[in-house]
Every structure is written in structure tokens, then in C-alpha cells.
Amino acid sequence: MDGRDVLKLCDYNIAYEVRLLDAVARDWLTPFQYFAVYDKTDYEQIKWSGTRYDENQLTMALNNAARMEVVAKNLQKYLPSRGKIKAVAFCSSVAHAGYAAKQLTEHHQIPAIALTGSHSNQERLKAIGRLQNEHDNLQIICTVDIFNEGIDIPELTHVLLLRPTQSFTVFLQQLGRGLRKAPDKEYLVVIDFVGNFKKVHVAPLALAGYNSTEAFRQTSGTTSLNLILKNLPDNCYLNPDIEVQRIWDREIKQLMAPATTEARLKFLYLEIKENLGIDDPSLYSFFQEMPRYQLFFCQAVSCLFRAWSQYGPPVTVGGPMGSGLCYCAFDNHLCFKVNFNKSANNASLTPPQSGPCCDQALFFYVNL
């Protein structure tokens, strides 16, 4: 949360790693009941930038009374095993969080408040204390971004995903907020509102144990959702609406369809950018993500160098734009610009226009 590099403290050596679903299976974390509810919002009408939806348009679409009625009905349908509802609702924006809290409180008699980055640490702790207190009527904290990590509320009974999530990392962080064990806590209820939004495959693949789309492409030989989800811990439960099941099946089949190296390279770049949460990943940041993308990255770079041999020698920084595939080497770093708007079958790689290459240089300059 403070932006510091934790792995640097141990020289980037990870001695032991247990993933979230493994921890649930080992009873280190609370089992979950995951309900995927169909969301009628038409996301195709919302502007897409390549990694995220336009925030204002998304907020306008989600600030919908009919949608909030569906949220309230499902929340009241899936109650905790005991005690009051203690929920965190992850929203798309500050305005969305405020709208959701007001709708739930005033129109559905479910006491809720909005908590955002503008609230002080003292205000956040007070709200969490109210939520944990069985004698306080507060049932839901609607939030954006601030509760993704670094917050410990073991008593949470519900996690509501009221926004489309395009990142494996963010999805698992939000799910993990409610998995801490607490006395008499039998399970966590997760209610995810799923529609026709981009990268809708993230949730089912993450629940199947995958941490990237490319990992799924490399290791899975099936397009059946039932077979994919065989890795769900035995003590967990998944129940998607039939419309959600169809959306997931269609998206996963599309992922398994044959794709060119260039198309997969574009998808890979966008996925890494989303997982890192930064617009322009540096070379160093990219290599931090390498374990999950290593095989395809090697294949892609191999393809690029074969193209260099086919189309001619490399160009220098600031040199002329090549008509085919080319690359720019500077200080022993590989930097190139990928233009995916070209009409040619192959993507066009061109050199960065200014600035030296170093470990903070962009690994990909992408014009989408």
C-alpha cells in the first residue's frame, strides 16, 4: 500500500509459496461459497481503452436502481451462517461507491456506508469497528481500491464484486479480503455480478488456480468449464447463473481458439500491464512477472528475431520507421514499439523516439 518493493528485502528470493486456493484446501483460510449472478448491464456500450473501461461511462452504467435491487435481493438471499451481514462491496469508482451505499441504505433497508481514499485512517478504522460489532447496524462498506490489500477484517461474512474485474491479481486480492478465519465462521459468501464485460474469463480461471490467461492456454487442453473448475477446493462451492455459465463457456472457448503470435503478444502485454497496475511497464517490472509468462515470452522474442533476419538489419534509436519488423538495441537492452493498428498481417515494430534504455525503459511501446 505504500508502494515499496517487499521482494527487494529478500533479494527477490521466494523460499516458499502457497497460493490462495492451496491455503483454502489446507484449511488455513476460510472456505467460500461463490455465487455468480447475471448482470444485465450492456458493457459493449461503454468505451474500452485496451485495459479498462472509461470510468465515467462505467459509473453511469452501474449507477442503476434496477441493478441495485438485484444486488440487495441476492445479498438477502445468501445469508451468513450466524450473526449479521458483515460485507465489503468493491465498486468501480468513488461515485459508484457512494451511490451503492445510498441505494442499499435508503431503498433496501440494508445499512451501508461508502469508504474511499478521501477518508482518514481514523475514519476507516471506525467504520471497520462498526462493521465488526454485532450490535451496530452497519452491514456493508462500499469501497473502491483502498481495501484490495493491507486490510484485516477476519469477521467478514460477504464479499460483493459490484464492478467488472479484468485483473487476476485484483480478483484474488478482493476474494482474499474475506478468507481470514474467525471463531464460528464456517464460510465466506462471495456474490459476483457477471455480465458481458471484457476479460470476463478472469474469475473462472482464477478460481481454477490459474494466475494468467497464458498459463491457461499453455496447460489446459479443454474448453469445458466443468473440467476447468475441477481444481476448486473440495470444501468450496460454485453456483453460476445459467446466463453466466454461457458467458464463461463462450469466452473460454474463444481463448482456446488458434491465435497468431502477434495477437497473443498484444494480449500478453495488456494482461501484464493490468496486473502491474501501471500504464507503461518498465523492463524491470516486466521481468518480475516472468515466472507466469516465461514460455510464451521466449517464443515471442524468438519470433521477433526471426523477423529481424527476414526484414533486414536493426535500426538505431531515433532512426527511420521500418516498414516491416525491426528492433532497437541500446545499452544491451531490447526496446521496441509495437503498432497493432497496422493493416499488414504482421505487427510493426519501431524504435522508441527518445530517451535512453535502462531498467526503467519501457519494454513495450504499444500503440493500441
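Visitor: In what order do the 7 strands of the open sheet stand?
Guide: Strands here are DSSP runs (E, at least two residues), as helices are (H or I, at least four), and both are numbered from the N terminus. Two strands pair if DSSP finds at least two bridges between them. With parallel pairing, the order in this open sheet is S3-S4-S2-S5-S6-S1-S7.

Visitor: Which strands stand at the edges, and why is one side of each left without a neighbour in the sheet?
Guide: Please keep in mind that this is a predicted model, where local features need pLDDT of at least 70, side-chain atom pairs count only at pLDDT 80 or more, and totals for chains, interfaces and linings use all residues. Residues are numbered from 1 along each chain as its sequence is written, and side-chain values use heavy atoms, with hydrogens and water left out. Each edge strand has a single partner strand, so one of its sides has no neighbour in the sheet. The two are S3 (112-115) and S7 (237-240).

Visitor: What is the bridge partner of alanine 36 in S7?
Guide: Strand S1 (residues 32-38) runs parallel to S7, and 4 bridges join the two. Alanine 36 is bridged in S7 to proline 240.

Visitor: What angle does helix H4 make with S3?
Guide: H4 (residues 94-108) packs on the sheet, touching S3 and strand S4 (140-143); contact means heavy atoms within 4.5 Å. Between the directions of H4 and S3 the angle is about 170°.

Visitor: And at what angle does helix H10 run to S1?
Guide: H10 (residues 242-256) lies across S1, strand S6 (188-194) and S7. Its angle to S1 is about 90°.

Visitor: Is glutamine 109 buried or exposed?
Guide: Glutamine 109 sits in the loop between H4 and S3, and has a positive phi of about 55° although it is not a glycine. Buried means under 20% relative accessible area, exposed over 50%, and partly exposed in between (1.4 Å probe, protein chains only). At 60% relative accessibility, glutamine 109 counts as exposed.

Visitor: What is the relative accessible area of aspartate 27?
Guide: Aspartate 27 lies in the loop between helix H1 (20-25) and S1. Although it is not a glycine, aspartate 27 has a positive phi of about 65°. This residue is partly exposed, with a relative accessible area of 45%.

Note on methods
Axes are lines fitted to C-alpha atoms, for helices over the stretch in contact, and angles run from 0 to 180 degrees between N-to-C directions.
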